[in-house]
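Take a look at the fold below. We will walk through it piece by piece, starting with one pair of side chains.

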Amino acid sequence: MHPERPGAADELPAVAGRLRQQRRRAGLTLEAAAAMAGLSPAHLSRLETGHRQPSLPMLLGLARTYGTTVSGLLGETGAAPDPVVRAGRVPARETGGWSYRRAGVPGRAMQALRVHVPHGGGQGDLVRVHPGEEWLYVLRGRLRLFLGRSEHLLDEGDSAHFDSLTPHRIGAATPAGAELLFVHTLTQSPTTGMCLGGDAPPHGNAPPGRTPHNET
């Protein structure tokens, strides 16, 4: 399938060349890279020769596979962001009793947030399912984590790392709520704006009633 967007055809050869270059730099065969990125070797070959246009999720998967960023694959050379996030300089975003504070640099494939989960905050029955991975670490209080049919109680210092395609939901198990450090991988979603520096809440833990693609 050829791209329909005007001018996209002219951009494909450059992107294709960078995909091939990054794979070779990573020391991966076409078959190995395709398996790691969840693609068929034939599809990856078409991406590398410019016969197919990669989607954002594909670029994200290939960037992780090659140890680079989507911006790197696209050849964007913007100024490197400050790698340090100072406490108190990032305002908290609050909605529905939940509080989100960015703990990582915007625009990266992984995004980190410091999240306060209120007790009985209205998300007790809200289940999320979406591509990517999530990792969380309980800083304070006790957290109730539901993964598929399993329920886990996480105390301070406990952590969890799981595939976001597993149906999941979280809630505070202590009256004062729970505070956690939350890291997730971004995929294309209209609610990733806050993690990228916009105003929308993060897609990994969206507020009640605002969950795209039936996410958490």
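The side chains of Arg23 and Glu48 make a polar contact of 2.6 Å. A polar contact is a pair of N or O atoms within 3.5 Å; within protein, one must be able to donate a hydrogen and the other to accept it, and residues adjacent in sequence count only if both atoms are side-chain atoms. This is a predicted model, where local features need pLDDT of at least 70 and side-chain atom pairs count only at pLDDT 80 or more, while totals for chains, interfaces and linings use all residues. Residues are numbered from 1 along each chain as its sequence is written, and side-chain values use heavy atoms, with hydrogens and water left out.

Where does Arg23 lie? Its place is helix α1, residues 8-25. Helices (H or I, at least four residues) and strands (E, at least two) are DSSP runs, numbered from the N terminus. Arg23 counts as buried, because its relative accessibility is 9%. Buried means under 20% relative accessible area, exposed over 50%, and partly exposed in between (1.4 Å probe, protein chains only). Leaving aside residues up to four places away in sequence, Arg23 touches Leu28, Thr29, Leu30, Ala33, Leu44, Glu48 and Tyr66. Contact here means heavy atoms within 4.5 Å.

Now turn to the sheet. Six strands form an open sheet in the order β1-β2-β3-β9-β4-β7, with antiparallel pairing. Two strands pair if DSSP finds at least two bridges between them. Strands β1 (93-95) and β7 stand at the edges; each has a single partner strand, so one side of each is left without a neighbour in the sheet. From one strand to the next, the twist averages 20°. Strands β4 and β7 are joined by five bridges. Across from Tyr137 stands Ser159 in β7.

Strand β9 (residues 178-185) holds Glu179. Is Glu179 buried or exposed? Glu179 is buried, because its relative accessible area is 11%. Its side chain makes a polar contact with the side chain of Arg140, at 2.5 Å. Among the residues that Glu179 touches, beyond those up to four places away in sequence, are Arg114, His116 and Tyr137.

Another pairing involves β5 and β8. These two strands run antiparallel and share five bridges. Arg144 stands opposite Gly171 in β8. Four of the five residues of β8 are buried.

Next comes the loop between β4 and β5, where Arg142 lies. Arg142 is partly exposed, because its relative accessible area is 31%. Its side chain joins that of Asp155 in a polar contact of 2.7 Å. Arg142 and Ala176 are 34 residues apart along the chain, and their C-alpha atoms are separated by 9.4 Å.

Finally, look inside. In soluble globular proteins, nonpolar side chains tend to be buried together. A nonpolar core is a set of buried Ala, Val, Leu, Ile, Met, Phe, Trp, Tyr and Cys residues joined through side-chain atoms within 4.5 Å. The largest nonpolar core has 18 residues, and those with the most contacts inside it are Val115, Val117, Leu136, Leu143, Ile170 and Leu180. Strands β2, β3, β4, β5, β7, β8 and β9 each supply at least two residues of this core. A second, separate core has 15 residues, including Leu44, Leu47, Leu59 and Leu60.

How values were computed
Axes fitted to C-alpha atoms, helices over the stretch in contact; angles between N-to-C directions.
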